[in-house]
Amino acid sequence: MDDKAGDNHSELHSLLFLLFLIVYGMVLLGNLSMIGIIVTDHRLNTPMYFFLGNLSITDLSYSTVIVPRTMVNILSQKKTISFAGCVAQLFLYALFMVTEGFLLAAMAYDRFIAICSPLLYSVQMSTRLCAQLVAGSCFCGCISSVLQTSMTFTLSFCASRAIDHFYCDTRPLERLSCSDLFIHKMVSSSLSGIIILPTFTVIIVSYLYIVSTVLKIPSTEGRKKAFSTCSSHLGVVSVLYGAVFFMYLTPDGYPELSKVASLCYTLVTPMLNPLIYSLRNKDVKEALNKLLEKKSTIL
């Protein structure tokens, strides 16, 4: 009976490893391809694709912080991570996640300028401003990550050292703490609000203006073209924020639901983002076809 249970356990681990391997492979392929297309095709040398390239780098980064270590633990008998490794994992994960939120807000602002002030687009969305927006996103991510990580690891951990999660995250680490979590949770929630509310507000307000402007376009074809430039970004925003809100609204008593939400934005979101942009974006599809034709000619 024990041998059979052990075999089933081993088969489940092998299946999980294979699933993580396939999805992570798709994350690597999709995001590296997107970065390669944007870098090599001069027609994509625009602010929108500059932000998209940085979004792909961010997606790739936070998946790489989590997934390889998780895959190693799936196959290992002793599933451990060092204290320093846990700190580094939480810091980097928080850094890239927050950076992505600010990048999506910058991309919404870019679409707002492109549709609502097209004649001033090249002036307002200068190379310098785009670089500043990306640098600002990284800076906000870094500050947030330092605060979140330092708050989490100043807690006292006197309970079990077994983390009920597949990576080091704030909520599962809080469950191991014997400290009074009231002030910690208040500060953590405030920090999350400071990050989520402004970025989400920028996205919502930008799209309210975009919709208002597009509805004033007289031709159906013009409205369709204007909306098509925003549909990919809206799809990415919906997937990411849907997973984030689902995780934060899940009660602490249901850790399994938090794991599902975490899987969505550590694996599913980075995998879907390149697909959404490549399938919904005419420029990216043309650039990809051109690259494939060039490779087939060489071969």
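Tutor: A salt bridge here is a side-chain nitrogen of Lys or Arg within 4 Å of a carboxyl oxygen of Asp or Glu. This is a predicted model, in which local features need pLDDT of at least 70 and side-chain atom pairs count only at pLDDT 80 or more, while totals for chains, interfaces and linings use all residues. Residues are numbered from 1 along each chain as its sequence is written, and side-chain values use heavy atoms, with hydrogens and water left out.

Student: OK, how many salt bridges does the structure hold?
Tutor: There are two salt bridges. In one, Arg111 pairs with Asp110, the closest N and O atoms being 2.9 Å apart; in the other, the side chains of Asp41 and Arg43 meet at 3.0 Å, N to O. Side chains of opposite charge can pair when their charged atoms come close.

Student: Are Arg111 and Asp110 buried or exposed?
Tutor: Both Arg111 and Asp110 are buried, where buried means under 20% relative accessible area, exposed over 50%, and partly exposed in between, using a 1.4 Å probe and protein chains only.

Student: And why is Asp41 classed as it is, and what about Arg43?
Tutor: Asp41 is classed as buried because its relative accessible area is 6%, whereas Arg43 counts as partly exposed because its relative accessibility is 40%.

Student: Switching to the fold, what is the secondary structure made of?
Tutor: The protein has ten helices and zero strands, helices being DSSP runs of H or I with at least four residues and strands runs of E with at least two, numbered from the N terminus. Of its 299 residues, 43% count as buried. Among contacts with a separation of 6 or more, 76% are between residues 24 or more positions apart, a contact meaning heavy atoms within 4.5 Å.

Student: Where is the kink in H2?
Tutor: The kink, of about 35°, lies at Thr64, shortly before the proline Pro68; the bend at a residue is the angle between axes fitted to the seven residues ending there and the seven starting there. Helix H2 covers residues 47-75 and reaches 43 Å from its first C-alpha to its last, close to the 42 Å expected, the expected span being 1.5 Å times one less than the number of residues. H2 is also mostly covered, with 22 of its 29 residues buried.

Student: What covers the buried residues of H5?
Tutor: The cover includes H2, H3 (83-116), H6 (170-174) and H7 (182-215). The buried residues of H5 include Cys130, Val134, Gly141 and Met151, and the helix, with 26 residues, reaches 37 Å between its end C-alpha atoms, close to the 38 Å expected.

Student: Last topic, which residues make the nonpolar surface patch?
Tutor: Leu18, Leu21, Ile22, Met26 and Leu275 make that patch of about 430 Å², and helix H1 (residues 2-40) gives the most to it, with four residues. Patches are made of residues with over 30% relative accessible area and no salt bridge, like charges being joined within 9 Å and nonpolar side chains (Val, Leu, Ile, Met, Phe, Trp, Tyr) within 5 Å. Accessible areas come from the Shrake-Rupley method with a 1.4 Å probe, and for residues only the protein chains shown count as cover.

Student: Why is Met26 called partly exposed?
Tutor: Met26, which sits in H1, counts as partly exposed because its relative accessibility is 39%.
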